[in-house]
Amino acid sequence: MSVQLTEADRQALRARYRAERDKRLRGDGNGQYLEPSGRYANLHDDTYTPVVPRESLNTDVHVLVIGAGFGGLVIGARLKQAGISDVRLIDKAGDVGGVWYWNRYPGAMCDTAAMVYLPLMEETGTVPSAKYVPAPEIHAHARRIAETFDLYRGALFSTGVKSIEWDDSLSRYIVHTDRGDVLRAKYLCAGTGPLHRAKLPGIPGIHSFEGHAFHTSRWDYSYTGGDPKGALMENLRDKRVGIIGTGATAVQCIPHLSRAAGELYVFQRTPSSIDIRNNHPIDPQWFATLEPGWQRKWMMNFTVLQTLGFAEEDLVKDGWTDISIRIRDRMVELVKAGGTVGPETLQKAYEDSDDEKMSEIRARVDAIIGDERTAAALKPWYRQLCKRPCFHDEYLQSFNNPNTHLVDTDGKGVERIDERGVWVAGKHYPIDCLVIASGFEVGTTYARRSGFDVVGRGGLALSEYWRDGMRSLHGIHVRGFPNLFIIGFTQGANQIANVPQNYVENGLAIADVIARAERIGAHRVEPTQSAQDEWITFITSNQRGLRGNPDCTPGYYNNEGQPISQSDMFNGSGHPGGPVAFFEFLDAWRNTGEFAGLEFST
Ligand code: NDP
């Protein structure tokens, strides 16, 4: 669906993008969202697994891993591979899986190809069913990692961490849980992950709705019928269902709601960009021909291409690599035509490629949607990377179903909610069931997102230490917090298009550091102040080019359109050379065996 643009078209686009952004900018930024309370207070509870009573523990733990999502699982596996057998996982969920435990909404799947997204496939002998796999298959993979590496042994599920404090005399973290446990952990790996604490839209009257309501991360199948595998939600046949939000989650569940509901009202503030999905089954015979070591090769190939690098072939070949390859090739053309290699040429290559891509995405809306007004409202007017890009082959089509009504709020959001329904632009939409697809907290404090704080040496809390932004060495080690290992991606590779790759690579370094501490009989390991300071200077002094586009429509990718503070800049930083440079750096760093910048105290 190639679209040719003139310079006048491009100028018009820019003006339209700014106008659409201005409509949506609001002074309260992140403050517009609410923490669940009142009728939504149970939103953080586990509605899937009953809590099994057990005795409280009072015990020493060698390595305590908080969070049993892919972060915690991969670190646990890496530790086992390094010969560290005493590893205990703890999670408030009733099983492993993290976001793939909590998100069971119909249609949930991963937008990143399984070949690179599912960590440790070779180690677990996993063959994905398709290029993009559904959530139940991803959850099963998480379980398979736990089984393969014996991580269920000693795991504490349905257990929330309440407090963590470093005890200098014991050189251990004292961890209290909501099950009355007291755990004394020599090493603490914190993998609480991004995007797991649900937030509510701050719409007046949201607590007054008297129909059925739930957030997508706690889908209520007992009300809707159906199941996470996509069985028809037959109980919705005679129901009027409203859904608030049209982000990546809503895009996946709306086709299922459209199929099942009597009437479906989709309340839209900003349309998502919906690129082609093109899912297909994976042929097991082809899969069997892959050589050992294939997964690291695939992951690196994806990341190289997705961050504007060069490779002989595009192994994954999807929407993430497509836009990057277009930018890269345009950059090459511009340089060949006499442009300089630098940020300005990169920006031009990015904007031209993006203009083309977004024009194709808008043309796709016209090609699919029958009704002109609906088509106009579903077109995204911003750059693709201003918001989380979406990929789907059934979402747009849903709006051709006579029972599915797009209620576009023209960027203003839902006006208010009352006992019986939703108001938009002075019109009332009576509904029986409200599905809230308003996403998860981003940019709030570490303690708020995790549900706990870590108190380090001298009584300093991590959230206090990070008040003006995260400070770490490699995104893993923190001065003043001995034996603590952060499982994440910020201040490291920052590979957000394939988050598990950060865990797979960082896990090797974390396991090597702990193995070395054990080998030399160290009781604590901590970064030096100067090493941490140098790392922060390094990663913040030379940001990669394409962040913080001022014309972006607001969203969590750009601090809801508010200015980027020092703290936001620290929290969003990564290696200036990009993810591949960081992974190569970390590999070399650990392979020297010197672990420069860390102090091991014996
Ligand atoms: P998002 O934060 O992406 O979307 C929230 C939606 O709620 C937006 O459409 C937002 O509109 C809308 N909204 C908020 N307030 C109001 C209001 N007052 N009135 C009307 N609408 C409102 O949350 P999601 O759960 O969709 O996705 C979160 C993230 O989870 C994704 O970005 C992605 O990273 C991840 N995810 C990943 C998947 C995968 O494939 N791996 C699948 C699903 C999710 P507006 O855009 O205007 O702010």
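Mentor: A residue is called buried under 20% relative accessible area, exposed over 50%, and partly exposed in between (1.4 Å probe, protein chains only). In this predicted model, local features need pLDDT of at least 70 and side-chain atom pairs pLDDT 80 or more, whereas totals for chains, interfaces and linings use all residues. Residues are numbered from 1 along each chain as its sequence is written, and side-chain values use heavy atoms, without hydrogens and water.

Trainee: How many salt bridges are counted?

Mentor: A salt bridge is a side-chain nitrogen of Lys or Arg within 4 Å of a carboxyl oxygen of Asp or Glu. The count for this model comes to 45. One of these joins R14 and D355, whose closest N and O atoms are 3.6 Å apart. Because R14 belongs to helix α1 (residues 7-24) and D355 to helix α12 (residues 343-368), the pair ties together parts 341 residues apart in sequence. Helices (H or I, at least four residues) and strands (E, at least two) are DSSP runs, numbered from the N terminus.

Trainee: Are R14 and D355 buried or exposed?

Mentor: Both R14 and D355 are buried.

Trainee: Which parts of the chain does the salt bridge between E123 and R78 link?

Mentor: The side chains of E123 and R78 meet at 3.9 Å, N to O. This pair links helix α5 (residues 121-124), which holds E123, to helix α2 (residues 70-81), which holds R78, and the two residues are 45 apart. With a relative accessible area of 8%, R78 is buried, whereas E123, at 35%, is partly exposed.

Trainee: What is the distance between the closest N and O atoms of D432 and R240?

Mentor: In the salt bridge of D432 with R240 these atoms are 3.0 Å apart. Here the pair links distant parts of the chain, 192 residues apart: D432 is in the loop between β16 (427-430) and β17 (433-436), and R240 is in strand β9 (residues 240-244). D432 is partly exposed, having a relative accessible area of 23%. R240 also counts as partly exposed, at 33% relative accessibility.

Trainee: Which side chain makes a polar contact with the side chain of D275?

Mentor: A polar contact is a pair of N or O atoms within 3.5 Å; within protein, one must be able to donate a hydrogen and the other to accept it, and residues adjacent in sequence count only if both atoms are side-chain atoms. The partner of D275 is K357, at 2.7 Å. D275 lies in strand β11 (residues 274-275) and is buried, with 8% relative accessibility.

Trainee: How many residues surround the ligand?

Mentor: A residue is near a molecule if one of its heavy atoms lies within 4 Å of it. The shell here has 26 residues, the closest being D111, T249, R269, T270 and Y556. Helix α8 (residues 248-260) gives the most to this shell, with three residues.

Trainee: How is a positive phi to be read, and where does H474 lie?

Mentor: Most residues other than glycine have a negative phi. H474, which is not a glycine, has a positive phi of about 65 degrees. H474 sits in the loop between α16 (462-465) and β19 (484-486), and at 2% relative accessibility it counts as buried. D150 has a positive phi as well, near 55 degrees. D150 is placed in the loop between α6 (135-148) and β4 (161-167), where it is partly exposed at 30% relative accessibility.
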